[in-house]
Amino acid sequence: MSVYLHDIPLDQAQQRLIDALQAAGLSGPLGEEEIILDERALGRVLAAPVWAKISSPHYHASAMDGYAVRSQETAGALPTSPLSLQYETQTVYVDTGDPLPEWANAVIPIENVEPLDEGGQLSGGERYPQAIRIRAAVAPWAHVRPMGEDMVATQLVLPAGHTLRPADLGAIAGCGHDRVQAVRKPRVAVIPTGTELVAVGEPVRRGDIIEYNSLVLAAQVNAWGGEATRYPIVADEFEEIKNTVAEAVQTHDLILLNAGSSAGSEDFSAGVVESLGELLVHGVAVRPGHPVILGMVSRLPSPVPIIGVPGYPVSAALTGEIFVEPLLARWLGRQPVQPHEIDATLTRKMTSPAGDDDYVRMAVGKVGEKTLAAPLARGSGVITSLVRADGIVIVPRGSQGIPAGDAVRVRLYRSPGEIEQTIFAIGSHDMTLDVMAQFLAARQRRLTSANVGSLGGLVALRRGETHFAGSHLLDVESGEYNLPYIREYLPDVPVRVVALVGREQGLVVARGNPKGIHTLGDLTNPELRFVNRQRGAGTRILLDYQLHQLGISPESIPGYPQEEYTHLTVAAAVASGRADCGLAIAAAAQALALDFIPLFKERYDLVIPLEYADSELLAPLMDLLADSEFRTMVAALPGYDLAPMGEVIAEVK
C-alpha cells in the first residue's frame, strides 16, 4: 500500500517509527561518554550511577565558629556557676568547616564563650585566649557535622537516567568525582528547504519568507537534550536536497527535513526519503501538521531516522513536540517530558476535523474560582499563537468539536503560578492593551486577551469568564457608549465602567490613497474591496449605524462580509493588497505605514465586575491608569485622547 500522503492515526504513525527504531537497534540510548564535571554538565543525563568515592564531609567538621571541647568536661556549667577550660589542653578555636581535633566531640559557639587572660579576666583575644569561661554544658556532637552526615563513601548518590540539576553537580563534586559518565547527546541535523526562503537578517522582498523554522526546531532539540546543527537553506531542487540529506546522515543520528512534505510540485521530501531509504509514513491525522513524513535513511552500520517537518511554523513546532521530543527522550534514557495538566472550562465553541487529533492553542486564566481556556488563532502559519499560548487542548479524532462551557484538559506551557497571576481579558481589541501588557509584565502580572468584539466581551462577563472586557458600543438611540448595552446584557452582574481612552476611528487606506477614498459613501464603488470587522465588534456596530444614517445599504459595499478580528488585522489586509480599505483606529494605520482618514471619535471603556475592580490581582492595572510613563507611551500613539483615562463612568449594580 502506498504511504504517499495517506493520513494515518497518530498512535499508528508513532508505532511505525518505534518498530523501525527497534529493528535498527536504535530504541534506546545511543552511547555514553565521559564528561568533565563543570557547569556545562547541567542538563546531561547520567549513563551510569554515581557512587560516593569519599564521605561528605570526610572528617568530623565544625558547624560553627567557636571552641572544640570534650562535651563531658562541660558538665555542670550553669549561668550562676560557670566553668573554665584551659586553652590547648581542654579547648581550641575552630572556624566553620575546620576538622575537630581527634580528642574533641563538640563545639561551643563563639558567642557563648567568655575568653579569659592569664589573670582570669575577660580578654579581647578570642582566637588564642588563656582559657574560656562557659555558662552552659554542651551535648556530645553539638554543632558538629559528623563524617558522612551528607554522604557516606560507597553510597548511591544519583541513579543512571537522571537529568543533572545544579544541586546534583555539587553533590557529585562533594563525594569526590570530577567526571561523570553521561549519555551521548543525539546529534540532529536541521535542514530547511525552499527557494522562497531567506535567512534571518537578510533583506526581504515581496514573496520572500524569512526562514526561522530551523531556529525553532534547533532550539527545541537543544532544550530537550540533543545537539542540533542548522544547515543553510537548500533550494527546491530534488538532487540538491537529496545530496544534503545524504551528507547529513553520515554525522548525525536524526534528520529533520523542513518543508516540502506536502504533495505539491516542489514538495520533494517524500521522494528524497524513498530514494535514500524507506518511507514509513507520509501523512498523520493531526492538525496542524498532517503532512508529516517519517522514514529511515540507509547508512552503515544502522539507518538514520528522518522526519519530514511541515513548513508552516505552528505545524513545525508541534511536530517537534509530538515526534522529536519523545524520540530524544528514548535516546537519552529518560522519560518524555510530562507537561503539567489542568482542567479548564472552554469559553467558546470549537469545531474540529472529525478524522484528526486537533491540537488547539489556548489562552488560560483563572477568573474567580473558574479556570478558563480561550481558543487562540488556529492558522498553521500563526507562530504568535504559540507565543501567546498558555497551553494546548487536544481534541481527539472522532470528535467534531467541543461546545462552549464544556470541561477540557489543558497541557500547560506555563506554570500554575503564572496562571494565578494572569489577568484574563475578553472583548474588544485596542492597541493600548498591548502597551498595558508590557507594563504589567514588570509588575508581576500577565495580561492575556481574546479578541471577540465588544458584545462578545459582555457575554463573557455575564458568564463569569473574564476579569474585564474592553468595550466601545455606541447606542444608536441615546448616543451613549456601553451603558445601555451593559444594562441589557448584564442585569445581574454589578460592574464598574472605567474610561481607558478616547480614540479616532476612520478609514485605513494604502499610502497616498490611490483609490481616492474620503467618505463612507465611496465604499459603494464596485472597484473597491472593503474589509470589515466581525459581528458584535463595536467598530462593526459603529459602521452599521453610520451607514444607516447615510442611507447606504451594507449589501452595496464590495467586501462588507469579509471579516477580521482586530484593528491590526484590518490594517494588514490593506497593507497586503487584499483589501483597499477598512474601518479601524489611527494607531493601526500608523503601525503598518498606511494613510488614515479620520471619521468618528469614540470612547473605549474597561467594563470590570465589582468583585474584581478592587482586587489585588487588578490593582497594578488600575494603578497604570495614573502612571505617567504608561500615559506617555499611549499618548505617542496617534488618534488617542487621554483626557478620560481612569475616569469612573458609572457603577452599574
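Which residues of strand S9 (residues 131–134) point one way and which the other way, and are they buried or exposed? Ala-131 and Arg-133 point one way, Ile-132 and Ile-134 point the other way, and all are buried (under 20% relative accessible area; exposed is over 50% and partly exposed in between, with a 1.4 Å probe and protein chains only). Please keep in mind that this is a predicted model, in which local features need pLDDT of at least 70, side-chain atom pairs count only at pLDDT 80 or more, and totals for chains, interfaces and linings use all residues. Residues are numbered from 1 along each chain as its sequence is written, and side-chain values use heavy atoms, with hydrogens and water left out. Strands (E, at least two residues) and helices (H or I, at least four) are DSSP runs, numbered from the N terminus.

**Strand S9 and its partners**

- Strand S5 (residues 83–86) runs antiparallel to S9, and four bridges join them; strands count as paired if DSSP finds at least two bridges between them.
- Within that pairing, Ala-131 of S9 has Gln-86 opposite.
- Strand S8 (residues 113–116) also pairs with S9 over four bridges in the antiparallel sense, and here Arg-133 is the bridge partner of Glu-114.

**The six-stranded sheet**

- An open sheet with mixed pairing has six strands in the order S16-S13-S17-S21-S20-S18.
- Its edge strands, S16 (227–230) and S18 (277–282), each pair on one side only.
- From one strand to the next, the twist averages 20° (axes are lines fitted to C-alpha atoms, for helices over the stretch in contact, and angles run from 0 to 180 degrees between N-to-C directions).
- Five bridges pair S13 (residues 187–192) with S17 (residues 254–258) in the parallel sense, and Ala-189 stands opposite Ile-255 in S17.
- Helix H4 (residues 238–248) lies across S13, S17, S20 and S21, at about 170° to S13.

- Helices H3 (residues 213–223) and H6 (residues 313–332) pack at an angle of about 25°, and their axes are 10 Å apart.
- That angle makes H3 roughly parallel to H6 (under 35 degrees; over 145 is roughly antiparallel, 65 to 115 roughly perpendicular and the rest oblique).
- Residues of H3 including Val-216 and Leu-217 meet residues of H6, among them Ala-316, Ala-317 and Val-324; contact means heavy atoms within 4.5 Å.

**Salt bridges**

- Side chains of opposite charge can pair when their charged atoms come close.
- The count comes to 34 salt bridges, each being a side-chain nitrogen of Lys or Arg within 4 Å of a carboxyl oxygen of Asp or Glu.
- One of them joins Arg-397 to Asp-11, with the closest N and O atoms 3.8 Å apart.
- Arg-397 lies in the loop between strands S26 (391–395) and S27 (401–402) and Asp-11 in helix H1 (residues 10–23), so the pair ties together parts that are 386 residues apart in sequence.
- Arg-397 is partly exposed, with a relative accessible area of 36%, and Asp-11 is partly exposed at 44%.
- Glu-34 and Arg-179 meet in a salt bridge of 3.7 Å, N to O.
- This pair links distant parts of the chain, 145 residues apart: Glu-34 is in strand S1 (residues 32–36) and Arg-179 in strand S12 (residues 179–183).
- Glu-34 counts as exposed at 55% relative accessibility, while Arg-179 counts as partly exposed at 37%.
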